[in-house]
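Here is a short briefing on one protein chain. Read it alongside the sequence and coordinates.

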Amino acid sequence: MHFIPTAVRGPLFMIVSTGSYLVNDTMMKLATSGLPSYEVLFLRGAAATLWGLPLLFALGYGKQIPLIFDRRVLRRNLLELAAILCYVVALANMQIADSTALGQITPLLMLVGSSILFGERIGGQRMALIGLGFIGALMVAQPTMQGISIYALLALGNATFAAARDLAGRKIAAEVPGMIVAISAVVVVLIGAGAAHLVSERWVAPEAHHLMLMAGAGFFLIFGHFFIFMAYRVGPTGAVAPFYYCFTVWAVISGLLVFGQFPNALAVCGILLVVASGLTIVSLDQRKRRLAVVA
């Protein structure tokens, strides 16, 4: 990956991560027709584990598999478990636009946390551009926000846990491979989803198309976990976090290609605002690096 320019690497990884997550979410949404939510999570986790363990050996990480249970890796992925358990329940009981909109506070929480915990300086220009990206994401999601419910609080919980997850990921040692962290997340969520299913749901026998969807979702889930972790490992938070808003852009593309849902004019304007703010942030970061080299 060294052939990718340093300033572009983190944002690019975040774009790939959000796209991978969205493909996974699309397949999950299709699979939840006829299956309980936590059972879908469990099946997806089983599929991702079957994909992931051979991949670890193929990449030469077989001897590092015990790092899946490293204390800092587990801390990060327990926060991932908390986020996904909140998200699934919220998504099942809210309009998707509302749950998506509430999730867009994750980058803002990341920036505040990075500033407090790691002393990262964000700067006025970057904060303004991040704010524009947030507005653009809301224009795409177009939430109704018809009253605050326990499900809205769960959606906010998802955003909070997701930000805490990514902050915790910053403390994982550099020698721990990103793919180890990704597979650890898969295993932790698999166990947690299985427990939640046993406590709150009744098993429904999946059909062949459910299993095919879960196989695909599990494959893309691994790369979602891998690239979001690597994005924050290789790039500064202020340059990477705004590209989390690309999730809404991918969601529009999925709605168009899979569900035949055409974005309206407001959503198109929101997409352009998200893209413009992200590209401007990358441009500013490249300019600062050039000035630093000259100095």
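Is E207 buried, exposed or partly exposed? E207 counts as partly exposed, because its relative accessibility is 49%. Buried means under 20% relative accessible area, exposed over 50%, and partly exposed in between (1.4 Å probe, protein chains only).

This is a predicted model: local features need pLDDT of at least 70, side-chain atom pairs count only at pLDDT 80 or more, and totals for chains, interfaces and linings use all residues. Residues are numbered from 1 along each chain as its sequence is written, and side-chain values use heavy atoms, with hydrogens and water left out.

**Overall fold**
- The chain has twelve helices and zero strands. Both are DSSP runs numbered from the N terminus: helices are H or I, at least four residues, and strands are E, at least two.
- Of its 295 residues, 50% count as buried.
- Among contacts (heavy atoms within 4.5 Å) with a separation of 6 or more, 91% join residues 24 or more positions apart.

**Helix 2 and helix 8**
- The axes of helix 2 (residues 37-58) and helix 8 (residues 178-200) come within 8 Å and cross at roughly 150 degrees. Axes are lines fitted to C-alpha atoms, for helices over the stretch in contact, and angles run from 0 to 180 degrees between N-to-C directions.
- Helix 2 and helix 8 are therefore roughly antiparallel, a term for angles over 145 degrees.

**Around E207**
- E207 sits in the loop between helix 8 and helix 9 (208-234).
- E207 and A31 are 176 residues apart in sequence, yet 9.6 Å apart in space, C-alpha to C-alpha.

Notes. Angles under 35 degrees count as roughly parallel, over 145 as roughly antiparallel, 65 to 115 as roughly perpendicular and the rest as oblique.
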